[in-house]
Amino acid sequence: MASGKLIVLTGPSGVGKGTLVRALLARHDHLYLSISTTTRSPRFGEIDGQDYYFVTRAEFEKMIQQEQLLEWAEYAGNYYGTPRAKVEEKINQGSTVILEIEVVGANSIKQTFPDALRIFILPPSVEELERRLRGRGNDAEAAIIRRLERAKEELNASQDFDKTVVNDNLEKALQELEIAIFSDNIFP
Ligand SMILES: Nc1nc2c(ncn2[C@@H]2O[C@H](COP(=O)(O)OP(=O)(O)O)[C@@H](O)[C@H]2O)c(=O)[nH]1
Ligand SMILES: Nc1ncnc2c1ncn2[C@@H]1O[C@H](COP(=O)(O)OP(=O)(O)O)[C@@H](O)[C@H]1O
């Protein structure tokens, strides 16, 4: 069987990556979303093994040492990483695998998976990004400020990616993503 594709979606926190990914998965049930490992505490309603694998810093550092992570990064005081085995298994089975990860990790995928399609999601403006982060109501003020500071650096990296998509109108952004992901396939 032909090997599958790896799609990396990145962009600043609050830009709408999670919203876009959920919509893509709802429309295309053969897409596989990788579940990341993190040392962040679960938010209200988040489920271990479904939203993330929640681990301690010691457990995460052991995973790094044992090369169990395809990529990893530190973000706003916590570790986040992509478990390698499941992604490789799905790619070998011919699946299209999606990673929804921050910018440093997304950049490092270029070395480990040169064929990956790396897409950067941009906000219509920094002001709108801040409105979305605050409107989501998930994070404490200090966490929002850390995310916004990081966002300003991340936005400068957007030109290093294969494609950029502005998430202004959600439906339009979704269509652009679908074209990028499925352009060399029969549209499923
Ligand atoms: N490098 C890397 N980043 C990740 C991974 N999983 C999630 N992230 C990113 O870590 C950042 C923080 O995630 P999270 O705390 O869930 O906040 P949210 O994405 O803003 O809701 C986001 O930019 C995620 O895309 C991963 O496995 N690797
Ligand atoms: N195109 C859009 N227009 C307006 N609000 C949006 C749009 N896309 C996402 N949002 C909202 O922005 C907030 C952040 O989205 P989320 O998917 O959690 O971002 P991320 O996963 O990148 O951190 C959420 O409240 C979401 O409903």
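These legends describe close-up views of a predicted model. Local features need pLDDT of at least 70 and side-chain atom pairs pLDDT 80 or more, while totals for chains, interfaces and linings use all residues; side-chain values use heavy atoms, without hydrogens and water. Residues are numbered from 1 along each chain as its sequence is written, with chains lettered from A and ligands numbered from 1 in the order in which they are written.

**View 1. Residues around ligand 1.** The shell holds 18 residues, each with a heavy atom within 4 Å of the ligand. S13, S36, R40, Y52 and Y80 come nearest.

**View 2. Polar contacts of ligand 1.** The pairs shown are N or O atoms within 3.5 Å. A polar side-chain atom of E71 lies 2.7 Å from a ligand nitrogen atom. G81 places a backbone N or O atom 3.0 Å from a ligand oxygen atom. At E100, a polar backbone atom is 3.5 Å from an oxygen atom of ligand 1. The protein covers 95% of the 570 Å² of accessible area that ligand 1 has on its own (Shrake-Rupley method, 1.4 Å probe). Strand 5 (69-75) and strand 6 (78-83) each give two or more residues to the shell; strands are DSSP runs of E, at least two residues, and helices are runs of H or I, at least four, numbered from the N terminus.

View 3. S95 sits in the loop between helix 3 (84-92) and strand 7 (96-100). S95 counts as buried because its relative accessibility is 16%; buried means under 20% (1.4 Å probe, protein chains only). Beyond neighbours within four places in sequence, S95 is in contact with G4, K5 and K90 (heavy atoms within 4.5 Å).

Note on methods:
Buried means under 20% relative accessible area, exposed over 50%, partly exposed in between (1.4 Å probe, protein chains only). A polar contact is a pair of N or O atoms within 3.5 Å; within protein, one must be able to donate a hydrogen and the other to accept it, and residues adjacent in sequence count only if both atoms are side-chain atoms.
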